[in-house]
Amino acid sequence: MHIKIAKDYMEMSKVAADLVESILRKRPGLVLGLATGSTPLGLYKELVQRHKAGLDFSKVTTFNLDEYYGLSPDHPASYHYYMGEHLFEHINVDRARTHIPNGANADAVQECKNYEAKIKAAGGIDLQILGIGNNGHIGFNEPGAPFGGTAGLVDLAEETIEANARFFERQEDVPRQALSMGIKSIMQCAQIVLLANGANKADAIAKAVEGPVTEALPASVLQLHPNCTFIIDEAAAQKLTGV
Ligand code: PGA
């Protein structure tokens, strides 16, 4: 696991965009795994600017980590909506090659099976972007999620519902379930970049990097990944002792 500490959120976003750009220039048909939430917004802004300056996404395939279960793709709080608004509408990606689990599919099991099959058919994910929850979740794999898990329907932890309430009018509107790639699906990605900023992530980052590898702290599994980089700001790094 490599740790890169950036001065602040803007620098974190730029360092991440530099990495995505350099990989994309070498591999125009990149299979890119994407995350949502507040953390990657700066990265997406950077990528949009770089696209305006000529960076080509026309051959890229994307897979998002997760989607709220029960929200239709046009719901403003859905991750479909988020991806369109913050990235896809502003770059030249072929929308037919963008994939996000369909939270409106009544058959969640089939939806997740199909999703895993599509990742496989694309040859696997070359580069996966991750955020991290305050409780150490990656994707919507909450504490206790099995390391052997593939995509599935999962229950959101209470702290995740509270953290994500800011995207909804009322806390009771936050879906209680989601479709998420599993830990095993994430670990199969060839390269992983985890982004984190802010003091509220410092505990989760310290445990993920320096704590025991345990299902109680899902991101700790990344210690076992052969090509994983954490790009974090100073505030999120403040509880690390070994750097
Ligand atoms: P955030 O969410 O980027 O909105 O903090 C991260 C996550 O829950 O994975």
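Predicted model: local features only at pLDDT ≥ 70, side-chain atom pairs only at ≥ 80, totals over all residues.

Me: Which class does Tyr9 fall into, then?

Reply: Its relative accessible area is 27%, so Tyr9 is partly exposed. Tyr9 belongs to helix 1, which covers residues 9-26.

Me: And how do I read the burial of Ser185?

Reply: Use the cut-off of 20% again. Ser185 has a relative accessibility of 5%, so this residue counts as buried. You will find Ser185 in helix 6, residues 183-187.

Me: What does Tyr9 touch, beyond residues up to four places away in sequence?

Reply: For contacts, look for heavy atoms within 4.5 Å. Tyr9 touches Ser38, Thr39, Pro40, Leu41, Gly42, Asn197 and Asp233. With Gly42 there is a specific detail to look at: the Tyr9 side chain reaches the backbone nitrogen of Gly42 at 2.7 Å.

Me: Which side chain does the side chain of Ser185 make a polar contact with?

Reply: A polar contact pairs N or O atoms within 3.5 Å. The partner here is the side chain of Glu116, at 2.7 Å. Leaving aside residues up to four places away in sequence, Ser185 touches Gly149, Thr150 and Ala151 as well as Glu116.

Me: Now the whole chain. How many helices and strands are there?

Reply: The protein has eight helices and ten strands. As for contacts with a separation of 6 or more, 79% of them link residues 24 or more positions apart.

Me: What does the radius of gyration say about the protein?

Reply: The idea is to set the value against the one for a compact globule of equal length. For 243 residues that would be near 18 Å, and the protein has 17 Å, so the two agree. Along the principal axes, the C-alpha atoms fill a box of roughly 45 × 40 × 35 Å. Of the 243 residues, 55% count as buried.

Me: What about the surface and the charges?

Reply: The accessible surface is about 10,600 Å², and carbon and sulfur atoms make up 50% of that. For charges, compare both the counts and the centres: there are 22 positive and 29 negative side chains, with the centres of the two sets 7 Å apart.

Definitions and conventions. Residues numbered from 1 in each chain as written. Heavy atoms only, no water. Helix = DSSP H or I, 4+ residues; strand = E, 2+ residues; numbered from the N terminus. Rg over C-alpha atoms; globule rule 2.2 N^0.38 Å. Buried < 20%, exposed > 50% of the residue type's maximum accessible area, 1.4 Å probe, protein only. Areas by Shrake-Rupley, 256 points an atom, 1.4 Å probe, with all protein chains shown as cover. Lys, Arg positive; Asp, Glu negative; His and termini not counted. Charge placed at Lys NZ, Arg CZ, Asp CG, Glu CD. Polar contact = N/O pair within 3.5 Å; in protein donor to acceptor, adjacent residues only side chain to side chain.
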